[in-house]
Amino acid sequence: MMMGGKFSIVKALSALAVAGVLSIASGAAVEAASGVSVIVNNTVITSGDIAKRVAFLRLQRQGGGSAEAKKQLVDEVLKRAEIARVQQSVSTQEVDAAYARFAAGNKLSTEQLGKILDQSGVGIEHFKQYIAVQMSWPRVVNFRYGSASRLSGGDLVKRMMEGGGDKPVTTEYFLQQVIFVIPESKRGAITAKRQAEANASREKFPGCETSKVFAANYRDVSIRSLGRVLAQQLPEDWKPLVEKAGDGMTTGTRVTEKGVEYLAICKKRQVNDDAAAEVVFRAEDIGKKKASGEDPNSEKYLEELRSKAQIVNK
C-alpha cells in the first residue's frame with residue numbers, strides 16, 4: 001500500500017505512544033468466517049482478530065507475524081479486563097478525540113484515515129480499541145502504584161543533596177478551564193461554529209476573577225477552576241499551549257470530548273517548595289522510565305495478570 005509523503009503511520013504511532021488493542025469477540029459474537037484461536041479467561045480471540053493485528057503490525061512495519069499478534073492480543077485481553085475491574089477506562093469521547101487528533105496530525109480527515117485502515121485490513125474499530133487500551137492502561141498502573149512512588153522526606157533530601165543541596169525550581173500555574181460545550185448529538189454539526197465562537201471570545205476574556213460573569217454572556221459555556229498545577233503536571237496536549245501563553249492570557253483552543261476548550265492562566269510564578277520538588281523528581285523518574293522503555297511497574301502488573309490467567313490455545 002502506498003502511504004504517501006504526507007502520511008507516516010509509523011511516526012504518528014510513535015508520537016501517540018499507543019500500545020495496542022484489538023477487536024475481540026465474545027462467545028456468540030464470533031464471526032462465522034473466523035475460527036477460535038485463543039481463549040483467555042473465557043474471552044475469545046479469533047483468527048480474524050489475529051489477522052487484523054498482523055495487518056496492523058505490517059502497517060507499522062513491525063515483524064513477528066501471527067505469533068507476535070497473538071501475544072499482543074492475549075496481553076490486551078488481560079489489560080482490558082483489569083481496566084474494567086478497577087473502572088479506569090477512558091471514555092468513548094476521549095478515544096474519538098484521540099483518533100481525530102491522530103488523523104489531523106497526519107493531515108488527513110477522519111474519513112481518509114478510516115479508508116486507509118480499512119484498505120490495509122486493520123479497520124477503524126480495531127485501531128480505536130488499540131488507542132483505548134493504551135490510554136486506559138497507564139491509568140490502571142498509576143491507580144495501583146501511584147501512591148507507592150511518592151518520595152519520602154529522606155528521599156527528597158537525598159535527591160536535593162545530589163543536585164547540590166538546592167530544591168529544584170519549577171513553574172506554578174493557577175488555571176481555569178473554559179468550555180464551549182457541544183452536546184454529543186450535535187458534535188459533527190456545530191463544532192466549527194463553536195470553535196469560532198471560542199476563538200473570538202478569547203480576546204474578550206476579562207480575567208479569572210470575573211470569568212463566570214463573562215461566561216453568562218455566552219450560551220452553554222462552563223468555567224472550571226483547575227487550581228494549582230505545576231509545569232510537570234500539565235497534560236501533554238495542553239502543555240505547549242500553556243507554556244506559550246503569558247500570565248493573565250488564554251491558550252489556543254482545542255476540540256475535546258466535552259466541546260471546544262481553552263485554558264486561562266490566572267497566575268504563574270516560579271516555586272521551589274517541597275511539594276514542587278517531589279513533582280519535579282517524580283517527573284524526572286518517569287522521563288527516565290520512558291527513555292529506557294516501558295514502565296517496569298506496567299510489565300510487573302501484566303506478568304501478575306498472566307500468572308493468574310487461564311489461557312487456552314486452540
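What percentage of the 314 residues in the protein chain is buried? In this predicted model, buried residues account for 42% of the chain. The protein chain exposes about 17000 Å², of which carbon and sulfur atoms supply 51%. Among the contacts that link residues at least 6 apart in sequence, 74% join residues that are at least 24 apart.

The confidence of the prediction was examined along the chain. The mean pLDDT of the protein chain is 79, and 75% of its residues reach a value of 70 or more. Among the elements of the chain, helix H9, which spans residues 211-215, has the highest mean pLDDT, at 95, whereas helix H1, spanning residues 9-16, has the lowest, at 40.

The protein chain contains twelve helices and seven strands. Four strands form an open sheet in the order S4-S3-S6-S5, and their pairing is antiparallel. Strand S4 (221-230) and strand S5 (254-255) are the edge strands of this sheet, since each of them pairs on one side only. Within the sheet, strand S3, made up of residues 170-181, and strand S6, made up of residues 259-271, pair in the antiparallel sense over twelve bridges. The bridge partner of Thr171 in S6 is Gln270. Helix H8, which comprises residues 187-202, lies across S3, S4, S5 and S6, and runs at about 35° to S6.

Conventions. Residues are numbered from 1 along each chain as its sequence is written. This is a predicted model: local features need pLDDT of at least 70, side-chain atom pairs count only at pLDDT 80 or more; totals for chains, interfaces and linings use all residues. Side-chain values use heavy atoms; hydrogens and water are left out. pLDDT is the predictor's confidence in each residue, from 0 to 100. Helices (H or I, at least four residues) and strands (E, at least two) are DSSP runs, numbered from the N terminus. Two strands pair if DSSP finds at least two bridges between them. Contact means heavy atoms within 4.5 Å. Axes are lines fitted to C-alpha atoms, for helices over the stretch in contact, and angles run from 0 to 180 degrees between N-to-C directions. Buried means under 20% relative accessible area, exposed over 50%, partly exposed in between (1.4 Å probe, protein chains only). Accessible areas come from the Shrake-Rupley method with a 1.4 Å probe; for residues, only the protein chains shown count as cover.
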